[in-house]
Amino acid sequence: MPKETFVIVGASLAGAKAAETLRAEGFEGRVVLIGAEPERPYERPPLSKDYLRGETDQKPFVHEESYYSDSGIELRTSTEVTRIEPAASRVHLADGETLEFDRLLLSTGSEPRRLPVPGSDLDAVHYLRTVEDSEAIRRRIDEGGKLVTIGAGWIGAEVAASARQRGCDVTIVEMTELPLERVLGRELGAIYRDVHVDHGVEFIGGATVEAVEGDGKASAVRLAGDSRIAADFVVIGAGIKPRVGLAEEAGLELADGIACDDHLRTSAPNIYAAGDVADAYHPHYARRIRVEHWANALNQGPAAARNMLGREESYARIPYFFSDQYEIGMEYSGFATQRDQIVFRGDPASREFIAFWLEDDRVVAGMNVNVWDVTAPIQALIRDRVPVDPRVLSDQDTPLEQIIGV
Ligand SMILES: Cc1cc2nc3c(=O)[nH]c(=O)nc-3n(C[C@H](O)[C@H](O)[C@H](O)COP(=O)(O)OP(=O)(O)OC[C@H]3O[C@@H](n4cnc5c(N)ncnc54)[C@H](O)[C@@H]3O)c2cc1C
C-alpha cells in the first residue's frame, strides 16, 4: 500500500511540533513541512526579550538542524504555499510545484496589523514578527537614541522594556489610557504603566497617532492635537491578525481565524488547523476561541497531529501565556471576557501577587506576577469551576491547594 503524505503549511512552533509528533506517534508516511521563512522553525518569545537585547546570539530554534533529516521530515524553507485545493487534496507552491496530501495541517500563524497612517513605511519604522525583524530592531537599539513604540500590548511593552534595559530613551504611545488595558483591565494596566515609568519610560495613554514623520527616515511621531514626539526609530505593535488567506481562498469556514472543531478539524475533510491561526471550539468555554500565544502553538500542533492520525483527541487545555518585562515576570491562565471582579492575593504594589478574575464566584482567569509554581492550582480552579469565597482566595495563609480541595 502506498504511504500516506501529510503536509504541514507553516514551519514555526505549531507546525514543527506537529511534525515531531507525527514521527513520535509512529507515522511512517511522508511528512512535508513547508515554511515561507528562510530559517528552520524557531520560537518567537525571545525575539522581544533576550534575543532582542543581544544577550544571546543563539537563534531560538525548535530543533537541532539535523533533526528534520534524521527524522525523515522533509523541511522546505523559503517556500510559500500559494493555494490549496481541498477537493483535489493538493497544495500549490510558489515555484509551480504541486503536492498531493492525505491530510493537511494549516499552521500559518499570524502577522502584525499594519498601522494605516502616513509615514508608517518610512525607514526606521519596524514591526516585530520574525527573527529578521528582531535583528533589525536590535541594530537600532545598538545605535542607541530614542525609541517610540506605538502600542502597549505585549509586543510593544516588551520591546519598550528591552530597549530601555539597553539604555535607549523610550516613549510608549498607546490608544487606551493604560498599557495592556484591553487584556488585563485598568487596575493591572496601571501597574504595568507604573513599572515602565519607574524604569524611566515616558507613557502617553489615550493618544491617537496621526502620522510618522521624517524625510525618508522616521524622526517623529505626530499625535492628534499636533504634538510631536521625536524618534530615532519607531516600533509598531498594533496587534496581529491570523493568516487566513489560503484557507479563505480555498473556501474553508472562517470565524476569528480558521474555524475548527475541538479536534482541530476545519470545515474541509482531512484539513486541520493549529496555533495562532486556529479558532477552535473549546469544550470548557463552549465556544470557539483563538489563542495567539506560545503554549497554544506548542500543544495544539501535537494535538492536531494526533487527530490527523485518527486519535479523536479533544483539545481542552486552559489558555496560558507569559510575559517578561524588566524584573517583572508573569504567567496568565484562563480567558476572561469581563474584567470587573478582580481579587488580589498579595499586595499589587509589592509586584509579587496573584490576580484572579471572577465571574459568578468562579475563577475564569488568574495571573501570577513574580510568584511561581502556581499555574497548576490556578488552572485547576478554572477547569473545575470551583466556587470560591473571595476572602479565602485573597488570604495568603490559605494554600490554593486547600481551596481546590486536594
Ligand atoms: C516578538 C514576539 C514575542 C512573543 N512573546 C510571547 C510570550 O512571551 N509569550 C507567549 O505566550 N507568546 C508570545 N508570542 C506569541 C507566540 O510566539 C505565537 O503564539 C506563536 O509563534 C504562534 O506559533 P504558530 O506556529 O501558530 O505561528 P507563527 O509563529 O506565526 O508561524 C507561522 C509560520 O507560517 C508561515 N507561513 C504562513 N503562511 C505561509 C504560506 N502560505 N506558505 C508557507 N509558510 C507560511 C510563516 O512564515 C510563519 O513562519 C510572541 C510573538 C512574537 C512575535
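This passage describes the ligand site of a predicted model and then several individual residues.

The ligand is surrounded by 35 residues. Ser-12, Glu-37, Arg-44, Lys-49 and Asp-276 are the closest of these. By class, the shell around the ligand comprises 15 nonpolar, 11 polar and nine charged residues. Several secondary-structure elements contribute to this shell. Helix H1 (13–24), helix H4 (154–165) and helix H8 (294–308) each supply at least two residues. Strand E22 (320–325) likewise supplies at least two.

For Arg-44, a polar side-chain atom lies 2.6 Å from a ligand oxygen. For Ser-12, the separation between a polar side-chain atom and an oxygen atom of the ligand is 2.8 Å. His-293 takes part through its backbone: one of its polar backbone atoms is 3.2 Å from an oxygen atom of the ligand. The ligand taken alone exposes 1000 Å². The protein buries 95% of that area.

Lys-49, one of the closest residues to the ligand, sits in the loop between strand E2 (30–34) and helix H2 (67–70). Its relative accessible area is 10%. Lys-49 is therefore buried, as the cut-off is under 20%. The side chain of Lys-49 makes a polar contact of 2.8 Å with the side chain of Glu-158. Beyond its neighbours within four places in sequence, Lys-49 is in contact with Glu-158, Ser-162, Phe-322 and Asp-324.

Asn-299 is located in helix H8, one of the helices that supply residues to the ligand shell. With 18% relative accessibility, Asn-299 counts as buried. Its side chain reaches the backbone oxygen of Ala-295 at 2.9 Å. With residues up to four places away in sequence left out, Asn-299 touches Tyr-315 and Arg-317.

Two residues other than glycine have a positive phi value. One is Leu-180, with phi near 55°. Leu-180 lies in the loop between strand E11 (169–173) and helix H5 (181–184). Its relative accessibility is 4%, so Leu-180 counts as buried. The phi of Tyr-326 is also near 55°. Tyr-326 is placed in the loop between E22 and strand E23 (328–334). At 12% relative accessibility, Tyr-326 is buried.

Gly-346 is found in another loop, between strand E24 (342–345) and strand E25 (353–359). Gly-346 has a relative accessible area of 16% and is therefore buried. Along the chain, Gly-346 and Asp-395 are 49 residues apart.

Glu-132 belongs to helix H3 (residues 131–143). Its relative accessible area is 33%, so Glu-132 is partly exposed. Not counting residues up to four places away in sequence, Glu-132 touches Glu-37, Pro-38 and Glu-39. Among these contacts, Glu-37 is also one of the residues closest to the ligand. Glu-132 and Glu-28 are 104 residues apart in sequence. From C-alpha to C-alpha, Glu-132 and Glu-28 are 34 Å apart in space.

The structure holds zero disulfides. Cys-168 has 0% relative accessibility and counts as buried. Cys-260 is buried too, with a relative accessible area of 4%.

Technical notes: Residues are numbered from 1 along each chain as its sequence is written. This is a predicted model: local features need pLDDT of at least 70, side-chain atom pairs count only at pLDDT 80 or more; totals for chains, interfaces and linings use all residues. Side-chain values use heavy atoms; hydrogens and water are left out. A residue is near a molecule or strand if one of its heavy atoms lies within 4 Å of it. A polar contact is a pair of N or O atoms within 3.5 Å; within protein, one must be able to donate a hydrogen and the other to accept it, and residues adjacent in sequence count only if both atoms are side-chain atoms. Accessible areas come from the Shrake-Rupley method with a 1.4 Å probe; for residues, only the protein chains shown count as cover. Helices (H or I, at least four residues) and strands (E, at least two) are DSSP runs, numbered from the N terminus. Ala, Val, Leu, Ile, Met, Phe, Trp, Tyr, Cys and Pro count as nonpolar, Asp, Glu, Lys and Arg as charged, and the others, Gly among them, as polar. Buried means under 20% relative accessible area, exposed over 50%, partly exposed in between (1.4 Å probe, protein chains only). A disulfide is a pair of cysteine sulfur atoms within 2.5 Å. Contact means heavy atoms within 4.5 Å.
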